[in-house]
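Biologist: I would like to learn how to read a structure like this one. Could you take me through it step by step?

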Amino acid sequence: MAERNSVTPEREAELLASVPTGLLIGGHWRQASDEGTFDVEDPATGKVLATLADATSEDALSALDAAHKVQPSWARTAPRERAEILNRAFGLVTERAEDFALLMTLEMGKPLAEARGEVAYGAEFLRWFSEEAVRDYGRYLTTPEGKNKILVQHKPVGPCLLITPWNFPLAMATRKVAPAVAAGCTIVLKPAKLTPLTSQFFAQVMMEAGLPAGVLNLVPSSSASSISGPLMKDARLRKVSFTGSTPVGKKLLADASQNVLRTSMELGGNAPFIVFEDADLDKAVQGAIAAKMRNMGEACTAANRFLVHESIAAEFTTKFAEAMAALKPGRGTEAGTTVGPLIDGGARKDVHALVEEAVASGATVVTGGVPIEGEGYFYQPTVLAGVANDAEILQTEIFGPVAPITTFSTEEQAITLANASEYGLASYIYTRDYARMFRVAEQIEFGMVGFNAGVISNAAAPFGGVKQSGLGREGGSEGIAEYTTTQYIGIADPHADQEGQKS
Ligand code: NAD
């Protein structure tokens, strides 16, 4: 497969030249109202890849004008029509999988093989929600005392602001856009300023798939709050769906209270990865690499705290460290690369500060532990053993290729340690004992549990967290419900005694 990774500078330039650089408003690509622009960099080289229009508050409001204008007609389209647009978009993204993958590798840094995996995962939301669009069931029933009928139907929530993070440029966009389209909502999408090119390319595909003008509006911007601020104050906006950090999510929840907006919040995580004494150790190591190193550790689902039973900790640590040390950092477009750079210099500095603090409070570096010198923001895959339970690295999202290991002696202690976090997104349990799996899953305060599985994201599953990891679910049959409101119509039963039910 190595030759598939050989990307020439000409191929990169040709692809970048095909990415729209404007704002998409009301079906037209255009410049920012003040003609401002911002640059998008390659984190593996620090070089500028493209210069995009930089949306202003005024542009954001124009995008909402467009979304609001077409909302009524879009809500009335046949579900089958919306399904077919999504299905065509699935086909187009799949056809252009190599372009999407390379674009993500260029702007985000992940190795091409991983970027291809994200294209498959991200495209699947388009297919899944094309199937869900025609299966949004309401209900009809008789009231318990038999005098009325209850009719329940779902309606699109209305114009939505969708805000996405930089770490999964395609999947985070499709995971929101697809259910919104399926439900009949119009959209203002604001991608992360570090990786907006994939959304630019994706919006173009949605238009090609036949999405009517104004349904999807795209406002890349270097100033997120100058987009979200005015939109969230405008009563025409009905919903905000955000994926990103918990502090920004909290701020948006406060802003959303002004107009009592519907909200979906996919926020930060601090996943425990628990290895019990009866686990298959080789599978646990394989799962640990997947759960830690997917996206260089820059994932909300990334295993952040390795809790290993004391009787197997030494063996697990040795095998895991060997597997981490065998990974190959490099530019994602280069053959053989298995670990890309971190997103920027600030991210790398933060990761290293956590490692230094852990070591100062007693941890041992088993492998890695330092930034890699030279071009780009690379950090060595790192394993730390003997990490103190109160070390900062266990309290915060590492968002980098660093695995801190601590030990436990009883199942009860493992559960207590796992739950000792304000986050509750993904968790992982390795054991051969199914009874234990159910026991632990019952007691663990996380929205998602991987049982002997290091990667659990799937378009057909409800993705989301509890506690400060957020509100709502994306994917699964739950995903479309985030974009609908419920309307109840009470119908007098034509056969009932109307006099008897006046009260
Ligand atoms: P971030 O919170 O800095 O930014 C996310 C998005 O919000 C970006 O588009 C950004 O421009 C925008 N934003 C930033 N400040 C804003 C403000 N004041 N008002 C409005 N919008 C604002 O997060 P990030 O660094 O892009 O992404 C990493 C974070 O995202 C991590 O915490 C990670 O765990 C989380 N994440 C969560 C999930 C999930 O599904 N739960 C998935 C991926 C990432």
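Modeller: Contact here means heavy atoms within 4.5 Å. Residues are numbered from 1 along each chain as its sequence is written, and side-chain values use heavy atoms, without hydrogens or water. Please note that this is a predicted model, in which local features need pLDDT of at least 70 and side-chain atom pairs count only at pLDDT 80 or more, while totals for chains, interfaces and linings use all residues.

Biologist: Where is T317 placed, and is T317 buried or exposed?

Modeller: A residue is called buried under 20% relative accessible area, exposed over 50%, and partly exposed in between (1.4 Å probe, protein chains only). T317 belongs to helix α11 (residues 313-325), and its relative accessible area of 9% makes it buried. Helices (H or I, at least four residues) and strands (E, at least two) are DSSP runs numbered from the N terminus.

Biologist: How do I read a helix as a whole? Which residues of α9 are buried?

Modeller: An α-helix has 3.6 residues a turn, so residues three or four places apart point the same way. In α9 (residues 246-256), the buried residues are T246, G249, L252, D255 and A256. Their cover includes β7 (160-163), α8 (224-233), β10 (239-243), β11 (262-266) and β17 (423-424).

Biologist: What does V240 touch, not counting residues up to four places away in sequence?

Modeller: V240 lies in strand β10 and is buried, with a relative accessible area of 0%. It touches L161, I163, M232, A256, L261, R262, T263, S264 and M265. V240 and S264 are 24 residues apart along the chain, yet their C-alpha atoms are separated by 6.6 Å.

Biologist: Now the sheets, please. In what order do the strands of the seven-stranded open sheet come?

Modeller: Strands of a sheet pair through backbone hydrogen bonds, either parallel or antiparallel. Two strands count as paired if DSSP finds at least two bridges between them. Here the order is β14-β15-β16-β13-β12-β18-β19, and the pairing is mixed. At the edges are β14 (364-367) and β19 (448-451), each of which pairs on one side only. From one strand to the next, the twist averages 25 degrees.

Biologist: Which helices pack on that sheet?

Modeller: Angles run from 0 to 180 degrees between N-to-C directions, with axes fitted to C-alpha atoms, for helices over the stretch in contact. First, look inside the sheet: β12 (residues 271-275) and β18 (residues 426-430) run parallel and are joined by three bridges. Helix α10 (residues 281-293) packs on the sheet and touches β12, β13 (303-309), β16 (402-408) and β18, with its direction at about 170 degrees to that of β12. Helix α14 (residues 411-419) packs there too, touching β12, β13 and β16, and its direction makes about 165 degrees with that of β13.

Biologist: Last topic: which residues come nearest to the ligand?

Modeller: A residue is near a molecule if one of its heavy atoms lies within 4 Å of it. Of the 29 residues around the ligand, T164, R175, S245, L267 and E397 come nearest. For polar contacts, look for a pair of N or O atoms within 3.5 Å. An N or O atom in the side chain of S245 is 2.6 Å from an oxygen atom of the ligand. Taken alone, the ligand exposes 840 Å², of which the protein buries 86%; such areas come from the Shrake-Rupley method with a 1.4 Å probe.

How values were computed:
Polar contact = N/O pair within 3.5 Å; in protein donor to acceptor, adjacent residues only side chain to side chain.
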